[in-house]
Amino acid sequence: MKKKTALFIIGCLLTAMPAGCGTKESGKGGQTETDGQAETDGQEENETENDAPVQRTVVGEYEAEDGSFTGNVRTGSKVEGYSGTGYAEGFENDGDACTITVHIETDGFYDLAFTNAQLGGHKENKVTLDGDEIAQFSSDTTDFTVAEVERVYMEAGDHEVGVLKYWGYIALDKLTVYESPELGEEFFSVSAKLVNENADECAKRLMSYLCDNYGTNILTGQYCDTGLYGKETACIWKETGKYPAVIGLDMIEYSPSRVANGSAGNSIEYAKQAWEEGAIVTMCWHWNAPVDYLTGTWYSGFYKEHTNIDLDAIMNGEDEAGMQALLSDMDVIAGELKKLQEAGVPVLWRPLHEASGGWFWWGDCEAQSNIALYRLMYDKFTNEYGLNNLIWVWNGQSAEWYPGDDVVDIVGIDIYAGEHQYNSQIAKFLEVSRYADGKKMVVLSENGTIPDPDLMLRDRAMWGFYATWGGDFVAGSGAINNYAETYTEADILKRVYEHENMITLDEIPDLTTYPIREDA
């Protein structure tokens, strides 16, 4: 086991978080208000969790209309409430951007506050630093409000901060740069107590191990349909001589509508094998819709386009047959997971993932319907089937879809950064932490490109673990196990697997005897 538990706290980012989660609204002229009064003299108060004000020093304030424009971006003035002589608009096509040169006197972390308004519904756009994408922010109101990207590391000198069209169609008024406040030491002090009061010892030992490493070390992880010794892990071993600490598996083939078409699942046996070899198991479920609701390609029945299932109608009682079909499917999966409990295998169980994206049928609904389904599954698996080996991992990708602290052990997010984009993803790390008010461990539950380990350490984006998705994110298309460098280059992969703060399979202690923490 590697070095343990030096704790740091990270500030929060808010890519347009809901009120109370760090997003600050600004009035006319972009003045940010705290407790009803605008701050002056180059300093502004930022509320912490205990509501004690923290002073932030303004490093610089830059009007967007004075920046450099690319593509269709131009100066506008029709939206009321802007500061200066106007704002930047025209974020319409890919490549459209507004770039602002900021000057930094001292190496360190800074908060970027973008005063902006949406032009026609919810919008999301990208933030770049010196040409590299570092974050996104959301625009939700037609009035000028502030969305912040916190904890951006910049060295002394001039830097190019850009807003790049993603969804586009915003009015960008100005950028205010603050020094990030000094941070405390409690961020990573999360409890090992599981939400299931009857959790098995194997689950408690695993959660204790995860919490002991949280904030100091990050567990390597890889999804591989054929288990610990499958193609993806073979490619990793070939490059690094090591195996990942966490193996990701999918319960998709156990979905009854796939079994009816000839599929057969092997994930349970692969999970047993991985645990016996000392690895940690995480599982998701691409839930193929019940057979009566399939309207397209049967093996794509987890996508909304291939099913006519109406989760809103099911959860509000209008479709009783649909409810029975979902309950029957859950019975099948619970029965399979019971085999792992009987074998003493704890599972980082991650159901109904990426719901707020809307591309899966369980997210093609109102948030409350998805939350109700998640809570129904938790109750059924925990109280009816007694699946006490599960550690419940949630990654609905939005605070509005969070089902509650009482049914979630770990919060996560799936991030697919661009090819060779190795930033730490600190922005999303902080955002996700806020979903549970900083009380839950944060993990990178799926990723494409692996973040640079040194950047994660520098930024304190200390994910509990990461889990790279399979296929061409790791493995080449041929029969030979050749590593694919499309997303993460081989030298970065080697640095990840050899890094002193990145845990690989050979460094995991015997989790069957690992000490259970007093707070578990």
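**Close-up views of a predicted model**

**View 1. Arginines over aromatic rings.** The charged end of arginine 56 sits over the ring of tyrosine 178, 3.9 Å from its centre. Here, a charge sits over a ring if NZ of Lys or CZ of Arg is within 6 Å of the ring centre and within 35 degrees of the ring normal. Look also for arginine 151, which lies over the face of phenylalanine 109 at 3.8 Å from the ring centre. This is a predicted model, in which local features need pLDDT of at least 70 and side-chain atom pairs count only at pLDDT 80 or more, while totals for chains, interfaces and linings use all residues. Residues are numbered from 1 along each chain as its sequence is written, and side-chain values use heavy atoms, leaving out hydrogens and water.

**View 2. An aromatic pair between strand 20 and helix 8.** Tryptophan 394 and tyrosine 435 form an edge-to-face pair, with 5.9 Å centre to centre and 75° between the planes. Rings of Phe, Tyr and Trp (its six-membered ring) pair if their centres lie within 6.5 Å; planes under 30 degrees apart count as stacked, over 60 as edge-to-face and the rest as tilted. Tryptophan 394 belongs to strand 20 (residues 390-394) and tyrosine 435 to helix 8 (residues 426-435), so the pair ties together parts 41 residues apart in sequence. Helices (H or I, at least four residues) and strands (E, at least two) are DSSP runs, numbered from the N terminus. Tryptophan 394 is buried at 2% relative accessibility, and tyrosine 435 is buried at 8%. Buried means under 20% relative accessible area, exposed over 50%, partly exposed in between (1.4 Å probe, protein chains only).

**View 3. The largest nonpolar core.** This core has 119 residues, and those with the most contacts inside it include Met283, Trp287 and Phe429. A nonpolar core is a set of buried Ala, Val, Leu, Ile, Met, Phe, Trp, Tyr and Cys residues joined through side-chain atoms within 4.5 Å. Helix 6 (residues 320-342) gives the most to this core, with 9 residues. A second, separate core of 28 residues includes Ala64 and Val177.

View 4. Leucine 129 has valine 161, in strand 13, as its bridge partner.

Notes. Pairing = 2+ DSSP bridges.
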